[in-house]
Amino acid sequence: SLCLPLTVSNRTEQSGVWAVSMPGVDTPQQVALQAGQSTVLYSTVHAEVEGEQTLCWKAVGTHGGDAVESRVNVRFPAPLLREIHHARLQPGDTLSPAAVVSAELRGGKVEAVVSANPLQYLSPYIEAACEYRHGCTEQRASGLLPWLLYDTLAPLHPAVGGVSPADAALRVQTGIEELFERQNEDGGLSTWADDNSSSFWVSAHAAMVFSMAQELGYTLPQEPWAALCRYLQHKWDVENRQHCSPALHYAVGRALGNTAMQDAALRSAVGQKRYESNAFKTPYSACVAESMRTLHALQNPQLEPTAEWQKRLQTLSAYTGCHSAQDAAWVFVAVQEYLRRVPQQQYHAELTLENGRVLSVGLEPVAVEADSLCCTQGCAYATVRARAVPRKLPATAVSDKGLHVTRTYEKRAANGTWVPATEFCVGDEVRITVNKNAVPNDPQSPFI
């Protein structure tokens with residue numbers, strides 16, 4: 001049940017009466033309004049299913065009327081259980097979508113999409129990077145990567161392919177020029193446009209992107225680029241060398257064209273088991289770590305067969321729920337190496353469903369409603385999404401362990417003071433005070 005407010009305003013110069021028809025109300029409600037006066041009515045709407053609901057409101061009166069259509073997105077009123085599974089299918093491989101999800105979700109909704117696109121799993125990273133509009137140097141530099149890799153990504157993703165080659169090149173060149181405007185006298189780059197202090201990590205991350213641009217044929221301003229490289233070399237030699245994360249180590253090595261540094265950084269990432277920031281606050285997430293491991297595997301094919309590279313790409317997809325600019329940037333670095341080293345394939349695959357129907361797929365994901373599918377030709381990539389309403393499981397309520405939460409609701413009165421209240425209108429200023437008592441023997445009890 002949704003209680004929805006409706007504001008009715010008399011924009012005429014005369015008073016009048018209007019009959020207002022609202023969803024969930026059987027008979028129209030009579031409203032008398034003076035000229036220029038407004039009021040708020042409430043309608044209780046009952047939704048039976050999830051999804052977008054279209055509601056119609058209508059007012060008819062002595063001085064004309066109006067009708068409004070509004071849309072409300074109705075969702076399940078409690079957290080849903082969700083799972084995402086990925087599979088790479090080669091000829092002879094069979095997938096049963098319902099079988100791969102956990103038992104708790106099999107009674108819910110299970111959806112599967114399949115394509116011949118090797119980057120299907122990483123689509124959220126690509127889409128997020130294409131939409132970066134933030135102002136910090138690290139995010140601006142990361143946002144250049146989909147356009148830097150335009151020739152490779154355009155055939156594989158519409159967010160990139162929807163831009164012309166000339167526009168993509170212009171975005172890269174303009175972005176490089178704008179980022180170099182943030183260079184300080186010491187050669188380093190500042191985090192923000194109006195900041196005069198250089199950041200080692202930000203400078204290294206941007207320089208890594210610049211070096212990729214240079215490798216792909218873009219022109220860098222000669223002296224500013226040389227000054228940036230001198231800054232990175234100095235910082236590496238004198239100050240933070242022993243405190244660098246593998247990600248910073250690699251970024252500096254790539255900017256300086258030092259393959260030994262890059263190799264050492266990748267070996268360090270493979271052997272390191274902790275990914276939190278180090279003493280110098282150099283971000284190093286699990287996604288970045290896995291991207292570096294993928295890069296290491298690609299550059300050392302004798303260590304891992306091609307199938308392992310695919311598994312690592314699938315592992316990267318597990319982090320798409322929090323795709324930060326830095327995470328996306330490192331995924332692009334790994335993907336560039338993957339697409340460079342793995343032979344280009346014909347992006348086409350065929351699958352046989354359990355009813356014998358043959359399904360042909362290309363780069364665009366296709367929804368599949370089948371209990372099982374078998375790849376018969378090419379290489380197919382499947383994504384299975386499941387969601388279900390959580391069942392009531394036996395558990396001791398937190399309140400039974402001593403947790404007690406109280407909430408006090410107040411609204412600001414005309415004289416500016418706060419007064420307790422249980423009913424509120426649109427436009428009221430409301431204050432909610434939440435108090436939690438200490439749980440005995442559990443000072444760290446979670447509180448949402």
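This note walks through a predicted model, point by point.

1. **The sheet.** Start with the open sheet of four strands. Its order is β7-β14-β9-β12, and the pairing is antiparallel. The edge strands are β7 (81-89) and β12 (366-368). Each of these edge strands pairs on one side only. Neighbouring strands of the sheet are turned by 25 degrees against each other on average, direction ignored.

2. **How β7 meets β14.** Strand β14 covers residues 380-388. Nine bridges link β14 to β7, and the pairing is antiparallel.

3. **How β9 meets its two partners.** Strand β9 spans residues 109-115. Seven bridges join β9 to β14, and these strands run antiparallel. Ser-115 has Tyr-381 in β14 as its bridge partner. Three bridges join β9 to β12, again antiparallel. Here Val-113 has Ala-367 in β12 as its bridge partner. When you inspect these strands, keep one rule in mind. In a regular strand the side chains alternate between the two faces of the sheet.

4. How many salt bridges does a search of the whole structure find? The search finds ten. One of the pairs is Asp-167 with Arg-171, whose closest N and O atoms are 3.3 Å apart. Both residues lie in helix α7 (residues 165-180). They are four residues apart, about one turn of the helix. An α-helix has 3.6 residues a turn, so residues three or four places apart point the same way. Asp-167 has 29% relative accessibility, so it counts as partly exposed. Arg-171, at 31%, also counts as partly exposed.

5. **Arg-230 and Glu-223.** These two residues form a salt bridge, with the closest N and O atoms 2.9 Å apart. Is Arg-230 buried or partly exposed? Arg-230 is partly exposed, because its relative accessible area is 49% and the cut-off for exposed is over 50%. Glu-223 is partly exposed too, with a relative accessible area of 47%.

6. **A bridge from strand to loop.** Lys-411 forms a salt bridge with Asp-428, and the closest N and O atoms are 3.8 Å apart. Lys-411 lies in strand β15 (residues 405-412). Asp-428 lies in the loop between β16 (418-420) and β17 (430-436). The pair therefore ties together parts that are 17 residues apart in sequence. Lys-411 is partly exposed, with a relative accessible area of 26%. Asp-428 is partly exposed as well, at 31%. Elsewhere, salt bridges that share partners join Glu-52, Glu-69 and Arg-71 into one network.

7. **The largest nonpolar core.** This core has 70 residues. Which of its residues touch the most other members? They are Phe-210, Trp-225, Leu-228, Leu-232, Tyr-250 and Met-292. Helix α8 (residues 200-215) gives the largest share of this core, eleven residues. Leaving aside neighbours within four places in sequence, Trp-225 is in contact with Phe-180, Ala-207, Phe-210, Ser-211, Gln-214, Leu-220 and Ala-255.

8. **Helix α12.** This helix has 14 residues, 286-299. At 1.5 Å a residue, α12 should span 20 Å. Its end C-alpha atoms are 20 Å apart, which agrees. Twelve of the 14 residues are buried, so α12 is largely enclosed by the rest of the structure. The buried residues include Glu-290, Arg-293 and His-296. Met-292 is buried as well, and it is one of the core residues named in point 7.

9. Thr-44 sits in strand β4 (residues 38-45). Its relative accessible area is 36%, so Thr-44 is partly exposed. Thr-44 and Ser-1 are 43 residues apart in sequence. In space they are 6.4 Å apart, C-alpha to C-alpha. Not counting residues up to four places away in sequence, Thr-44 touches Ser-1, Leu-2, Cys-3, Pro-23 and Gly-24.

Terms used. Residues are numbered from 1 along each chain as its sequence is written. This is a predicted model: local features need pLDDT of at least 70, side-chain atom pairs count only at pLDDT 80 or more; totals for chains, interfaces and linings use all residues. Side-chain values use heavy atoms; hydrogens and water are left out. Two strands pair if DSSP finds at least two bridges between them. Helices (H or I, at least four residues) and strands (E, at least two) are DSSP runs, numbered from the N terminus. Axes are lines fitted to C-alpha atoms, for helices over the stretch in contact, and angles run from 0 to 180 degrees between N-to-C directions. A salt bridge is a side-chain nitrogen of Lys or Arg within 4 Å of a carboxyl oxygen of Asp or Glu. Buried means under 20% relative accessible area, exposed over 50%, partly exposed in between (1.4 Å probe, protein chains only). A nonpolar core is a set of buried Ala, Val, Leu, Ile, Met, Phe, Trp, Tyr and Cys residues joined through side-chain atoms within 4.5 Å. Contact means heavy atoms within 4.5 Å. The expected span of a helix is 1.5 Å times one less than its number of residues.
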